[in-house]
Amino acid sequence: MDFKALIQKKRDGFALTKEEIEFFAFSAANETVPDYQLSAMLMAIFFNSLNEEETLWLTDAMARSGDMADLSAIDGIKGDKHSTGGVGDKTTLIVAPIVASCGVKMAKMSGRGLGHTGGTVDKLESIPGFRTSLSTDEFTDIVNESGLCVAGQSGRLCPADKKLYGLRDVTATVDNMPLIASSIMSKKLAGGADCIVLDVKCGSGAFMKDKASAKALASKMVEIGRGAGKKIAALITDMDTPLGKNVGNSLEVIEAVETLKGRGPEDLTEICILLCAKLLELAGKGSFDECKLLAKAKIDDGSALLKLAEMVKLQGGDENYILNTDLFPKAEFSRDVVADESGYISSMNTEGVGSVCVALGAGRQRKEDDIDPSAGIVIEKKTGDKIEKGDVIATLYCSDEALFDVAEKQYRESVFIAPTKPEAIPLLLDVVE
Ligand code: URA
């Protein structure tokens, strides 16, 4: 098949056939087409979209582009969760060990940072030795042994998504509904779990900026999952404000550990409990309210924290970093952002905050970029908080002091101050089942 002709067909607004979509996915997986042609196809899809059938075919082809994890030999119900991406979204590091401690095996395939959003794989790799590149057998064995594994799209798991995800990150082709739905659901189908909870983020820090598009994405993914025989639900949650206080890779691991110790920020803790409860409910552990109590109990008795440490050890990481987060190296430089007026934080451009974090070195501008694990932001004041002139509203961290002037300016431009307190937005906006 002539790949240039396929690009042209999509560029001119025509639908691709099943064979053509498969050719696209397998060419990405096997790297038989150069990056510039794959990127051109992504941009053509971005502008002309994929119809329902094309989205289903792409999901299926990407899931089959590598090995499909066969978890059938593992006893019990297998669960999975996925977020559509946000700023400060470290929920996997909290939800996965809690759910695993409740006896539901967690077999999770995660991604790296995408656009202005962080990725679980990058966060976990800030722990020395931690391996996210696992063979399908290793993935299955670890789920079997400890009930919890978080792998990257590496080895032979979903290689088509791995390739396209990396290209989308640096070609401004992320925020497209069919591409997001097929990317997430291909990983969920290849991961082999029975029950899946999706966290569809909505607001200025999400790819879906309004509730209608978040709901449309949630419905599409739930439909794909249900068609594949999965028990699946989506929570639509607020991403108009960063989640928790810490944004950046090791900073987010540290905050996740604090949350598993019961000392996490309220918004982060609440969203994690809701996600755990929905997944546990799908797995047959009780009603939604019963499952909330079950999840909280695993924080209170410390078992979820120990489960995270066990996972880190089994995936080659140093679990002492989980047991004592002071071991994480600190960024060499820091700069406080100080309020120059009093009032309330009326809103935040959360995508802007995520982009500041990328600019500080916590994300990639180009595919081959290394990231700085200790770079990031600690946000002291968020939407709704009262501030006095002179208060520290955030502290920026990085390894190159020269980055601070632009980063501070961009951070200030992302935070809006008004004399009156804004109306609070609920954290849970909707549920799609
Ligand atoms: N998460 C994914 O795995 N893929 C996307 O496209 C967006 C978020």
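Guide: Axes here are lines fitted to C-alpha atoms, for helices over the stretch in contact, and the angle between two of them is taken between N-to-C directions, from 0 to 180 degrees. The structure above is a predicted model.

Visitor: How are helix 5 and helix 14 placed relative to each other, roughly parallel or roughly perpendicular?
Guide: Helix 5 covers residues 92–101 and helix 14 covers residues 303–314, and their axes lie 8 Å apart at an angle of about 105°. Angles of 65 to 115 degrees fall in one class. Helix 5 and helix 14 are therefore roughly perpendicular.

Visitor: Which residues of helix 14 make the contact with helix 5?
Guide: On the side of helix 5, the contact is made by Leu-93, Pro-97, Ile-98, Ala-100 and Ser-101. By class, the residues of this contact are six nonpolar, two polar and one charged. The partners in helix 14 are Ser-303, Ala-304, Lys-307 and Leu-308.

Visitor: At roughly what angle do the axes of helix 2 and helix 8 cross?
Guide: Helix 2 spans residues 18–30, and its axis comes within 7 Å of that of helix 8. The two helices count as roughly perpendicular because 65 to 115 degrees is the range for that class. The crossing angle is roughly 80°.

Visitor: How many nonpolar residues are in the contact of helix 2 with helix 8?
Guide: Helix 2 brings Phe-24, Ala-25, Ala-28 and Ala-29, which meet Pro-159, Ala-160, Lys-163 and Leu-164 of helix 8. In this contact no residue is polar and one is charged. The number of nonpolar residues is seven.

Visitor: How many aromatic pairs are there?
Guide: Rings of Phe, Tyr and Trp pair if their centres lie within 6.5 Å. By this rule the count of aromatic pairs is four.

Visitor: What kind of aromatic pair do Phe-46 and Phe-47 form?
Guide: The rings of Phe-46 and Phe-47 are 5.6 Å apart, centre to centre, with 90° between their planes. Planes over 60 degrees apart have their own class. The pair is edge-to-face.

Visitor: Are Tyr-321 and Phe-328 buried or exposed?
Guide: Tyr-321 and Phe-328 form an aromatic pair that is edge-to-face, at 5.1 Å centre to centre and 80° between the planes. Both residues of the pair are buried.

Visitor: Which residues do ring pairs link into a cluster?
Guide: Phe-24 is one of the residues of helix 2 that meet helix 8. Ring pairs also place it in a cluster, whose members are Phe-3, Phe-23 and Phe-24.

Visitor: Where is Cys-158 found?
Guide: Cys-158 has a positive phi of about 55° although it is not a glycine. Its relative accessibility is 0%, so Cys-158 counts as buried. Cys-158 is in the loop between strand 3 (148–152) and helix 8 (159–170).

Visitor: Is Ala-172 buried or exposed?
Guide: Ala-172 is in the loop between helix 8 and helix 9 (177–191). Ala-172 is not a glycine, yet its phi is positive, at about 55°. With a relative accessible area of 58%, Ala-172 is exposed.

Visitor: Is Lys-10 buried or exposed?
Guide: Lys-10 lies in helix 1 (residues 3–11). Leaving out residues up to four places away in sequence, Lys-10 touches several others, among them Leu-16, Met-41, Asn-48 and Glu-54. Its relative accessible area is 1%, so Lys-10 is buried.

Visitor: Which residues does Ile-74 touch, not counting residues up to four places away in sequence?
Guide: Ile-74 lies in the loop between helix 4 (52–63) and strand 1 (78–83). At 2% relative accessibility, Ile-74 counts as buried. The residues it touches are Lys-105, Thr-140, Val-143 and Asn-144.

Visitor: How many Å apart in space are Arg-263 and Ile-299, C-alpha to C-alpha?
Guide: Arg-263 is in the loop between helix 11 (249–260) and helix 12 (266–282). Its relative accessible area is 53%, so Arg-263 is exposed. Arg-263 and Ile-299 are 36 residues apart in sequence, and their C-alpha atoms are separated by 9.7 Å.

Technical notes: Residues are numbered from 1 along each chain as its sequence is written. This is a predicted model: local features need pLDDT of at least 70, side-chain atom pairs count only at pLDDT 80 or more; totals for chains, interfaces and linings use all residues. Side-chain values use heavy atoms; hydrogens and water are left out. Helices (H or I, at least four residues) and strands (E, at least two) are DSSP runs, numbered from the N terminus. Buried means under 20% relative accessible area, exposed over 50%, partly exposed in between (1.4 Å probe, protein chains only). Angles under 35 degrees count as roughly parallel, over 145 as roughly antiparallel, 65 to 115 as roughly perpendicular and the rest as oblique. Contact means heavy atoms within 4.5 Å. Ala, Val, Leu, Ile, Met, Phe, Trp, Tyr, Cys and Pro count as nonpolar, Asp, Glu, Lys and Arg as charged, and the others, Gly among them, as polar. Rings of Phe, Tyr and Trp (its six-membered ring) pair if their centres lie within 6.5 Å; planes under 30 degrees apart count as stacked, over 60 as edge-to-face and the rest as tilted.
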